[in-house]
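The following note sets out points for a colleague who is reading the model alongside its sequence. The points move from the assembly to individual residues.

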Protein chains: 2
Amino acid sequence: MIEMAKKTKLDKVMEVSIRRGFVFPTAEIYGGFAGVYDFGPIGSLLKEKLLKLWTDMFVKSEIDPPVFMVDGAVVLPFPVLKASGHVDHFVDPVVECKDCKEEVRADHLIEEETGQFVEGLDEMELTKIIRDNSINCPSCGGELADVKVFNLMLGTHVGSKRSIAYMRPETAQIMFLDFKRTATSMRQKLPFGIAQIGKSMRNEVSPRKGLIRLREFGQMEIEMFVNPDRINEHPGFEEKENIKLRLLTREEQKKEDTKILEIIAKEAYEKEILPNKFMAYYLALETLFYTKVGIPWEKFRFRHMLPEETPHYSGGNWDLEIELEGGVIEIVGNAYRRDYDLGNHGKHSGVDLSIEDNGKRLIAHVVEPSFGVERSIYCVLEHCFRDKGYDRDWVWFQFPRAIAPIDVEVYPLMKKDGLDTYAWEMYKELKISGFNVLYDDRGSIGRRYARADEIGCPFCITCDYETLREDTVTIRDRDTMNQIRVKAKEVIDILGKLFKEEIKFEEAGELIS
Amino acid sequence: MIEMAKKTKLDKVMEVSIRRGFVFPTAEIYGGFAGVYDFGPIGSLLKEKLLKLWTDMFVKSEIDPPVFMVDGAVVLPFPVLKASGHVDHFVDPVVECKDCKEEVRADHLIEEETGQFVEGLDEMELTKIIRDNSINCPSCGGELADVKVFNLMLGTHVGSKRSIAYMRPETAQIMFLDFKRTATSMRQKLPFGIAQIGKSMRNEVSPRKGLIRLREFGQMEIEMFVNPDRINEHPGFEEKENIKLRLLTREEQKKEDTKILEIIAKEAYEKEILPNKFMAYYLALETLFYTKVGIPWEKFRFRHMLPEETPHYSGGNWDLEIELEGGVIEIVGNAYRRDYDLGNHGKHSGVDLSIEDNGKRLIAHVVEPSFGVERSIYCVLEHCFRDKGYDRDWVWFQFPRAIAPIDVEVYPLMKKDGLDTYAWEMYKELKISGFNVLYDDRGSIGRRYARADEIGCPFCITCDYETLREDTVTIRDRDTMNQIRVKAKEVIDILGKLFKEEIKFEEAGELIS
């Protein structure tokens, strides 16, 4: 008997995401472009809401220390990325098959074949392991060539003199370059943060299917600049100290049966499990953020990176990892980078990047939370995805209301008798009031509800014959499929309260089914 | 007597913009990167507000036809830009000096030296003009080499196979690539628009000082897809038809003493001065937008591009041009591109990009307004700039309230006696309410007002000893420097009304000076 290949959750999520306008493969009409996606009309709205929530939580509502947003260049000149270490060290080991010419990541291949963890080894050492273990091409079984390293940056030439430049591989360098100007122009003392949301590019050897490993991707990064002597003074920590974190310590990672440590931020800091108060603060805030966007608390944890995964200068790295059907993936890197970045740029540029604090000149230390935009969005999609048969005959997304791309859809029961005019006026009114609204007058109401569910729209409004008589409409709730009848003139007010979670759906009107 | 070089307005605007955190030269600590700027903390907020206003006006509040936002890749594969014509035709003519090796734009040089308009001529023709007119190097007077063409795209290589790709030179290609997916996923018929805000890169031969000609820049573009038989049916036109446009026709451009035609959109359309109703609609909407962001109506006009400036496929191009001290610059290009883009991509990709409308399959026509982000922001900065001596002893920006980067600043009169605690609590409250707020307790109140003026902050709140006794604070208005005293608990409400222009400042409280 032949077993049919089972569709993974990733397959299903990507299928509906492409069909319904969340993401489109870039240049699809030309056969696509590996590792690159566009956000379509629905995905752009989801991304907009997720980024707005992030900005509100990590930038705009941060009072002390303040966080400033900057918005810098994607193309950076050679000296910047030489100083940052990316020109010399931002490389992946690649090995080519002598027969079929396919190229694969040498480190991934060795890890899969031997279970050996080889991060940090050079091309000679990796080649030796391949030879010693007689590892062959995973595609055709052919003999493999020697391992080569491959820089992950996309290079280019700028100006008629063709100076070397690179697409930035991370947004962070802008914040280091702009550190001094930001401190001076804002008359700001330590500690303070600089944040940025923007694109980065990495020439991944084998980009993965879906939104997990892309060549062009969004990042939300913060560099928090701190006096190292005062890295355990954070005026805002108390407000977040009781948030419970899920931690995976180094000790537990060595065990066969690893256990997650559930512990409040305050305790994790006091017991010195986390390197400093700023790190503890960000782990707490990230816990809040990801639960708000629809990732169940028990589905993510912070993993203490192992010594071999951690750069020599680091004072401790903790990655936020989210469980997916296909395995656990890193979503946020939290790194205590000490004075590595400002120290390096000061040395290479010859510009004094020290700052005065508490009567002493010093190089600020950096605590950096670095978020992946598409990865975060993919995790939201997968965790909010409800498969056909879960509770209805179609797939749907149970997005938290705050990040649902479309807030509400409006339907006339029939395209006649003035129902369409009524519904169209309501659609306009909602749009002018600032809601993300769609109007749909095609097919049965049931089909329209199903289509709204597919893009995770929380509420659908139907104008029926009672509407014309009584000036009332029905609102249907995505999650329960319950319907209430409300006065038309109260719709905007009720929706406002529902989105602010000030009232329960069933109490917002007369329950009709 | 030696005459001191007079500072231009551009010099002055850039000086305060860099000093106060609007923009920073990218990689300044490494000597900068010609033609590239970062937005600093204040500039990011200005950009955010300008983009939000644009999105509200051109995308979110557009009801019929609707406009959908997408957010696509910056790096595009070779076939896309081959099909679009950029690989072959997106070139600038450059000429190098045989002596000093400096390179300049050949067309600009000829125009400056001879007054001759040479757009569209090839390298042979340009070289001939240079020889015939004995034009030499503008820097050293040396002999010039032959003119060469220089592609303006930044190229790169993607994947281990090093496939050629380019940084997109405009955001528009994404909308053409995603046209079919957008129509299908949104179940949308013609007409509809696809909009995008994002970065583009062009390898300008000689980027200019300031934000006018950059190598990396933001664009806000809309591709409005229309059935050519119905290009004069626009359901939203009536609402905008009475907006008065300033037009510079081709006829007037030939005259010595050119006159601007002041005419309402409806009439410009009916008299067939503009090529269609969609073009007339966008010119009206752009007029609204630029007056809202602080460009006086009489300082900009739409110029009908001359035949030699217009691509062969175009059905008419009208550029929005704004007057600056240094001359007039193009801010928005409005182009009726007919079926050029979808036709080309259909042909090159082999994918059918036709769509059904009114019972007929057709290639949609495109009307494209294309806005420059940094240019728009520079024009706002220059037009809102008030020089030292204009009415006070410091420079300031008279931004419209809607786009002022910082809404309000909060000061304690003294850093003692509880004034600081009071002011700090008010600062927090305003921040939590969503205002962009700064707290400042350094220097005299007069100096703090001056600093707030420099970043165009509309209102400053001071907590003084009367505050402690009466729970009242003063609010100072940037434009008039008037002050009112209001109840502390009414501040948020009053500011809300002032920003919505619902009340006049002098009527919002007790006028005290």
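1. The model under discussion is predicted. M414(B), Y465(B) and L468(B) together make the patch, whose area is about 240 Å².

2. How are the two chains related? Chain A is superposed on chain B by a rotation of 180° with 0.0 Å of shift along the axis, and the RMSD is 0.0 Å. That is the relation of a two-fold axis. The same surface serves both copies, since 100% of the contact residues of chain A recur in chain B. Within chain A, the residue that comes closest to the rotation axis is T156(A), with its C-alpha at 2.6 Å.

3. The interface can be described by its contacts and its area. Contacts link 80 residues of chain A with 80 residues of chain B. About 7000 Å² is buried between the two chains, and 59% of this lies on carbon and sulfur atoms. The rule finds six salt bridges across the interface of chain A and chain B. A salt bridge also joins the side chains of K47(A) and D71(B), at 2.5 Å from N to O.

4. Is I110(B) buried or exposed? Its relative accessible area is 0%, so I110(B) is buried. I110(B) sits in helix α5 of chain B, which spans residues 106-114. Neighbours within four places in sequence aside, I110(B) is in contact with G115(B), Q116(B), V118(B), L126(B), I129(B), I130(B) and I135(B). By contrast, 35 Å separates the C-alpha atoms of I110(B) and G343(B), which are 233 residues apart along the chain.

5. Helix α1 of chain B, residues 9-19, has several buried positions: V13(B), M14(B), V16(B), S17(B) and I18(B). In general, an α-helix has 3.6 residues a turn, so residues three or four places apart point the same way. Just after α1(B) comes G21(B), with a positive phi of about 85°.

6. Over all chains, the search of the whole structure finds 76 salt bridges.

7. A salt bridge in chain B joins the side chains of R131(B) and D146(B), at 2.9 Å from N to O. R131(B) lies in helix α6 (residues 123-132) and D146(B) in the loop between α6 and β7 (148-151), so this pair ties together parts that are 15 residues apart in sequence. Both ends count as partly exposed: R131(B) has a relative accessible area of 37%, and D146(B) has a relative accessibility of 49%.

8. What does the salt bridge between E321(B) and R301(B) tie together? The closest N and O atoms of this pair are 2.8 Å apart. E321(B) is in strand β15 (residues 317-324) and R301(B) in strand β14 (residues 300-304), so the link ties parts that are 20 residues apart in sequence. E321(B) counts as buried because its relative accessibility is 7%, and R301(B) is likewise buried, with a relative accessible area of 16%. In chain A, salt bridges with shared partners join E15(A), R19(A), R20(A) and E454(A) into one network.

9. Cis peptide bonds deserve a check by the reader. One joins L190(A) and P191(A), with omega of about -10°. P191(A) is in the loop between α8 (179-185) and β10 (192-201) of chain A. Another joins D64(B) and P65(B), with omega of about 0°. P65(B) occupies the loop between α2 (41-60) and β3 (67-69) of chain B.

10. S134(A) is not a glycine, yet it has a positive phi of about 50°. This residue lies in the loop between α6 (123-132) and β7 (148-151) of chain A, and at 57% relative accessibility S134(A) counts as exposed. In chain B, S134(B) has a phi near 50°, a positive value in a residue other than glycine. S134(B) lies in the loop between α6 and β7 of chain B, and at 58% relative accessibility S134(B) counts as exposed.

How values were computed:
Residues are numbered from 1 along each chain as its sequence is written. Chains are lettered from A and ligands numbered from 1 in the order in which they are written. This is a predicted model: local features need pLDDT of at least 70, side-chain atom pairs count only at pLDDT 80 or more; totals for chains, interfaces and linings use all residues. Side-chain values use heavy atoms; hydrogens and water are left out. Copies are superposed by least squares on the C-alpha atoms of residues with pLDDT of at least 70 in both. Contact means heavy atoms within 4.5 Å. Patches are made of residues with over 30% relative accessible area and no salt bridge: like charges are joined within 9 Å, nonpolar side chains (Val, Leu, Ile, Met, Phe, Trp, Tyr) within 5 Å. Accessible areas come from the Shrake-Rupley method with a 1.4 Å probe; for residues, only the protein chains shown count as cover. A salt bridge is a side-chain nitrogen of Lys or Arg within 4 Å of a carboxyl oxygen of Asp or Glu. Helices (H or I, at least four residues) and strands (E, at least two) are DSSP runs, numbered from the N terminus. Buried means under 20% relative accessible area, exposed over 50%, partly exposed in between (1.4 Å probe, protein chains only). Buried area is the accessible area (1.4 Å probe) that two parts lose on being put together, summed over both.
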